[in-house]
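Hello,

Here is the structure I promised to hand over. Please open it first, then read my notes below.

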Amino acid sequence: MGLAGAISAGVVALYLLDRSKRRQVVATLRFWTAADSRTEMKHRKRIQQPWSLLLQLLSLLFLIIALAGPRLGTDDKGRDHVMILDTSAWMGARSGRTTLMDEARSAARAYIKALPSRDRVMIVRADALATPVTAFESDRQILDEAIARSQPGASVLNLPQALEFAERAQKLQSQHAGEIVFAGAARVPEDEAGLATVPANLRVLQVNGALENVGLRKIGLRRSSTVADTWDIFVSLRNYGLKPRDVGLELQFGGAPAGSKAFSLKPGEEQQATFTYKTRAAGFLEARLNSRDAFPQDDRAVVELPSERPLRVLVYSNEPALLKPLLSMVGQVNAVFESPAKYDATAKADIVVLDRFAPAVKPAVSSIWIEPPAAGSPIPVKGTRNAVKLESWRTDTPLGAGLRTKDVLLQSAEIFAPAAGDIAVAESAEGPLVVARAGSPKIVVLGFHPVKSSMKYELATPLLIANTLRWIAPDVFRSREVQAGTVGTVTVPVEKGTDAATVRVVTGVDQGDAKPLPFTIEDNVLRFFSGAPGTVRVLTGSRELVYSLTLPDVGESLWKAPATVRKGIPRAMGNSVSTIDIWPWFAVLGAAGLLLDWLLFGRSRAYRLRAVGNVVGSIWRKAS
Amino acid sequence: MAQNLIDRELLEKLERLTIHWQKSLPGLVGGHNTSRFAGAGQEFLDHRHFHQGDDLRAVNWRAFLRLEKLFLKMFQLEPRIPVRILLDISKSMETGSVKKFDYARKLAAAMCYVGLVRLDSICLQPFSSGLGDAFVASGGRHRFQQAAVFLSGLQCGGATNFMGVARDFISKYPQRGLVIVISDFLDDADCEKPLQFLSDFGHELILTQVWAEEDREPPWDGELDLEDAETGVHVELAFDSSARKQYMAAFDEYAQHLRRVALRNSGRYVGIPTNVPIEDALFGPLVRSGAVE
């Protein structure tokens, strides 16, 4: 059609050029004038070249009709289809020599090829999110490039969302809605397997997604609460196939074996295993399944374990035996006891404890002062009182959190005079007994000895010490959990009443490009979404959770399209054209008429006819 | 350009030709055409009575011994007469798919070479509205190069004015001779009078009309906007096959008119279209007309 139109346009242009008034420079006008006078006389008598006029009028009529673009049959301006291309993680599975993605691409191309050329198609890539790649496009080259650039992602297919998106796109943007076509394996989460409410114009080009696969689902690591320097490791794996499988799981830490276990999994079964591994060192823990299947991407996962750094506490005391039990109960503390005579202000330690001793030079690091002499106390001492009743604990502060005593009477205690900004942790009627000063370094001053006083038998005493150490060095006491999971939506249980302002969810810390991720907290559950593989850190108060989202998210079930849904590539779609363009024929007729007129009545016809005659004559002579 | 006017092969062929004139024109000895004038020739012409002052060397002494009367032998003179080539360089000569000016220039060069080979004196005289600077070549074929350079340097311009040219020519060249006019003769004014004028002053005319194919048979049809190459006058008209016939008839009538003018004055007329090669024109129409032999 395009060619016919172009040829017609060319012929019309040539014709108009031929028929336009031509300017000529001649040697003289003496012979022309006489010839023209006769022509004018003839013009007055009758129409010149009536057949030429008729031929021109007919040709122009045909061209005008061609410009109107007439068609035979019903009017059809083409339809708008939405092609949903499954780009979930499972599309990377191999089926023979090709991947499921290759098969889906081929099916999509075959469908587009079967469409009439005026139909438009929107390509939508669907994994956890539905992403349009093109607008409604009739250029097959653009569509083919969009299909070729589609690659398997890392998340699971969200089919309802993709179908809803396609329906909305057709409703809002299309002029004549066509089909919604899904091309892919349709492996979806279990709760979406029974999806039955689908658009009426849905067509499914399903590739064989029922391949055998056993893969890791999740790996969780947590510091053991009972055994120091030990990690509790939790591994979950699943058989996605239709046959029972026996697989072995191996754990390695820094290249050394860290555990192994054999599993026998029924179809669709998910099993868990727990391991313990003792190490203080940082390193990479690798979990590997020794099985060969169609989807090797989920047979291996690597998580990074942080090192455990002890809290170095240097205690200057003449009676170290009193404080030893108190400090040794905290697992993270590495306490060293020295006599006050060996005091060194620059000694290497995280915290210095000064037991009833005030050095001339204050320590450079954070310190805990127990009954400091009034002359050298960092917090001014108002006075020393006898029979002081401990009235209350400031439980709203981190230091006093969870502390509770009743009718504690201290034989002797120092009363402090705190400055503005100091935190009074324990108070008596005369004044504060325990005061903390934030800043750098941090200072905590106790007006009584926790072991020598009547506080010795109180439960609040070890808690006070633990709170104090945690307040001074929160990083050391932060509980860490490491999990390897799948990309997509992650849910994290948080403590009741957790303030969203104190929570941070960041990604890209390992790559040096930390970015906050949006999250929600609802019903004590924190939710965030990560569409790309990477490491996400969740900081909630004293907890740090590291999510190594490197495992592909594979749906548990294959979606089976309802029986009413059309399936496969329609063969007759390309031929079922309800209209036939006839304008090219009119264009050709018009062009042919003008060409004929040009040949027969054009201004150089004598030469053309003579040239044709010469050619024919020469051929005739040669032949004879 | 001088080298491209005529190729060497044609020049060798031209050496066989001679410019021929019919009139008996006076001139110095050394020509190659006989004349009715008596003089120091080789061929015997007649006897006449001796008169005082005659050259005694021409007396027929044998007749004196027998008849005792002095008779003088007269010999036929072969004078050298000037050959003048009037070359039209008006704007109308630039028209045509093959430029008439280029063709006329080659024709003039060929005639010049033919004359130089026979030791004729050739005067190349360009003209349009008046006479331009002339170039005189004589003394043999080795002078042809300068003539070719002169012809190559000519440029077209101006409108043809035959009457003015004829007047100037007569006043500039009083000696009678052969005048070869190479032109399209498409002067808006009639050129019969000026040609007759030249002939009446004793010049022998060879009229060489050069025309382009479009000049005789215009290939165009339909509405035309025509511009006169010399005057710039515009004429808009419709042209068809019947008009073309009228045009061609008028053109041929004009050519015949020129022929009649030439023959009436003992001259010759040659019409050459530019699509005829120069060699064919020289050895065809020009030889047939007797302008060259």
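Which residue stands opposite A:R203 in strand 36 of chain A? A:R566 does.

Some ground rules first. This is a predicted model, in which local features need pLDDT of at least 70, side-chain atom pairs count only at pLDDT 80 or more, and totals for chains, interfaces and linings use all residues. Residues are numbered from 1 along each chain as its sequence is written, while chains are lettered from A and ligands numbered from 1 in the order in which they are written.

**The sheet in chain A**

The pair above belongs to strand 10 (residues 202-206) and strand 36 of chain A, which run parallel and are joined by 2 bridges. Strands here are DSSP runs of E with at least two residues; helices are runs of H or I with at least four; both are numbered from the N terminus. Two strands pair if DSSP finds at least two bridges between them.

The open sheet has 6 strands of chain A, in the order 7-6-3-8-10-36. Its pairing is mixed. Strand 7 (130-132) and strand 36 (566-567) of chain A are the edges, each pairing on one side only.

Helix 4 (residues 100-114) of chain A lies across strand 3 (80-86), strand 6 (120-126), strand 8 (177-184) and strand 10 of chain A. Helix 4 runs at about 160 degrees to strand 8 of chain A. Axes are lines fitted to C-alpha atoms, for helices over the stretch in contact; angles run from 0 to 180 degrees between N-to-C directions.

**Cores**

The largest nonpolar core has 84 residues. A nonpolar core is a set of buried Ala, Val, Leu, Ile, Met, Phe, Trp, Tyr and Cys residues joined through C-beta atoms within 7 Å. Buried means 20 or more other C-beta atoms within 10 Å of a residue's own; exposed means 12 or fewer; partly exposed is in between; C-beta atoms are placed from the backbone. A:M83, A:I84, A:L85, A:V124 and A:A183 have the most contacts inside this core. Another core, of 79 residues, lies apart from it and includes B:I122, B:V165, B:F169 and B:Y269.

**Loops worth a look**

A:A186 sits between strand 8 and strand 9 (187-188) of chain A. Its phi is positive, about 60 degrees, although A:A186 is not a glycine. Is A:A186 buried or exposed? A:A186 is buried, because 26 other C-beta atoms lie within 10 Å.

B:L119 also has a positive phi of about 60 degrees and is not a glycine. B:L119 lies in the loop between helix 3 (100-117) and strand 6 (122-127) of chain B. With 14 other C-beta atoms within 10 Å, B:L119 is partly exposed.

The peptide bond from A:S440 to A:P441 is cis, with omega near -5 degrees. A:P441 is in the loop between strand 25 (432-437) and strand 26 (443-446) of chain A.

**A helix pair in chain B**

The axes of helix 3 and helix 4 (residues 144-152) of chain B come within 10 Å and cross at roughly 160 degrees. That makes the two helices of chain B roughly antiparallel, a term for angles over 145 degrees. Helix 3 of chain B makes the contact through B:R105, B:A108, B:A109, B:C112, B:Y113 and B:L116. Helix 4 of chain B contributes B:F144, B:A147, B:A148 and B:L151. Contact means C-beta atoms, placed from the backbone, within 7 Å.

Best wishes

Notes. Two residues are in contact if their C-beta atoms, placed from the backbone, lie within 7 Å. Angles under 35 degrees count as roughly parallel, over 145 as roughly antiparallel, 65 to 115 as roughly perpendicular and the rest as oblique.
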